[in-house]
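Trainee: Could you walk me through reading salt bridges, burial and cavities in a model like this?

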Amino acid sequence: MTLSRQVADFAAKASLSDVPEEVLLRARHLVLDAVGLAFASTRYPFAAVARDALSAFGGGDHPVLAMPDRLPARDAAVLNGVLIHGMDFDDTHIPAVTHVSAAALPAALSAAVAQGATTRDLLLAYVLGVEVSARVGVGGAGGFHDVGFHPTAVAGAFGASVAAGKITGLDADGLATAQGIVGSMSSGLLEFLADGAWTKRLHPGWAAMSGLTAAGFAKAGWTGPNEVYEGRFGLYNTHLTGRETRPEAVVEGWGETWELMRTAVKPYPICHFIHAFADAALILRPEIGDTEISSIRCAIHPVPGKVVCEPLEVKWAPRDEYDAKFSLPFVVAAALQRGRFTLTELEDEALRDRGILDLAGKVTVVDDDESAFPGAYSGYVEIELADGRVLRHREQVNRGHDERPLSNDEIVAKFHDTIGTAASTATAEKVLDAVLSLGDNTPAADFAEACRG
């Protein structure tokens, strides 16, 4: 059978009872992290711009996370994706290099509200969406970034099509067709790295909308190609032409390995490729004392290096907070200068901090022959001091990785930190109760209302 049909067969038969309880518990906490970030995003200009752009197309009856708005189902999914992913603080499936919740949750939520489904249906569809997105990303063998595609947009569209299709009631034939259709919508360019544009923030919402659209067309009787993954002009032979890929990863481990458990929650509001460097800098910082830093040398795998280290002159002096999130030199310098890296280190005052910028200018970058990428995002930092000492530290496995996961309690603490920037304690508790109750027979529409602004 084709890969898409094998995925469809599993998804069509799956029920919530097939998913281990520890996976469902973790899924609720990943959703909690996503919803908290949606609230925090409402404080930033990009949220208002996205809201204005989508509202111009007309109103609807679907609630939006963290906002009082109501939009049509697909537009609500786009805005929810923007809000979850806009701060780049959302979860990442490490081997897939994909933000899995940011597309799977909006697609599942819009479909569930539209179909009058319960949170049991919503939770199952979300889990399936994460599983598909992760496996499609893993099939790229870490290569999507190298050729300029954002795997969250590419892989996320496939996960969204299965999540939406499951709730829509598609059978195995329909779910296979939905994947075939959404393959022609799966795209997302990394060119934003050149000038700090906002396009990346739109990618998972667009993937969610594409998944909803593909599922709708499949239900109406549209046809899609059978070999959307492995075909001559399928995903891997077009997006990753001539590169080593693993299309078989799309179907590996279904029902035995739950990729959701390998999804990392971020401790820092920055690109996941830099987390190990922030940790390394903070570990070395106490040894520096008052001694002047002469130079900083960082080693990173060349594929993530393209994202967070090029062009170096921009990375030394980020133009805005989004530039800073993707700047290895700035993050390392800020962590060394301030002893932390929080949302405060992305504010305008920090971006103009002469001490941070001078230190960032001392950072050089080399290829890391010992990197664990894409299985983990390694970081090596070497600091030469004015007194002649050289300090070194390697973080081979980044924090948040499935070998070093944040606990569910730590995710709850992060949720309170993020939602607390934009909502009252009463709202936070209402959202917390709603999310951690996912999987009961509450109408999904009631859950969506509880998570509105």
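Mentor: Gladly, starting with exposure: buried means under 20% relative accessible area, exposed over 50%, and partly exposed in between (1.4 Å probe, protein chains only). This is a predicted model, where local features need pLDDT of at least 70 and side-chain atom pairs count only at pLDDT 80 or more, while totals for chains, interfaces and linings use all residues. Residues are numbered from 1 along each chain as its sequence is written, and side-chain values use heavy atoms, leaving out hydrogens and water.

Trainee: At 27% relative accessibility, what does Lys362 count as?

Mentor: Lys362 counts as partly exposed, because its relative accessibility is 27%.

Trainee: And how many salt bridges does the structure hold?

Mentor: Side chains of opposite charge can pair when their charged atoms come close. The cut-off is a side-chain nitrogen of Lys or Arg within 4 Å of a carboxyl oxygen of Asp or Glu. The structure holds 30 salt bridges. In one of them Lys362 partners Glu292, with the closest N and O atoms 3.8 Å apart. Glu292 sits in the loop between helix 12 (275-288) and strand 5 (293-300), and Lys362 in the loop between helix 18 (354-360) and strand 6 (363-367), so the pair ties together parts that are 70 residues apart in sequence. Helices (H or I, at least four residues) and strands (E, at least two) are DSSP runs, numbered from the N terminus. Glu292 is exposed, at 53% relative accessible area.

Trainee: Which side chain meets that of Asp368 in a salt bridge?

Mentor: That of Arg394, at 2.9 Å from N to O. Asp368 lies in the loop between strand 6 and strand 7 (379-385) and Arg394 in strand 8 (residues 390-395), 26 residues apart. Asp368 counts as buried at 7%, whereas Arg394 is partly exposed at 24%.

Trainee: How many cavities of 30 Å³ or more are there?

Mentor: On a 1 Å grid over the protein atoms alone, a cavity is a set of points where a 1.4 Å probe fits but cannot get out; lining residues have an atom within 4 Å of a point. Grid points are joined across faces, edges and corners, and a volume is the space filled by probe spheres set on the points. This structure holds four such cavities of 30 Å³ or more. Of its 16 lining residues, the closest to the centre are Val97, His99, His145, Cys271 and Phe273.

Conventions. 1 Å grid on protein atoms, 1.4 Å probe; cavity = no way out; pocket = protein on both sides within 12 Å on 5 of 7 lines; lining within 4 Å.
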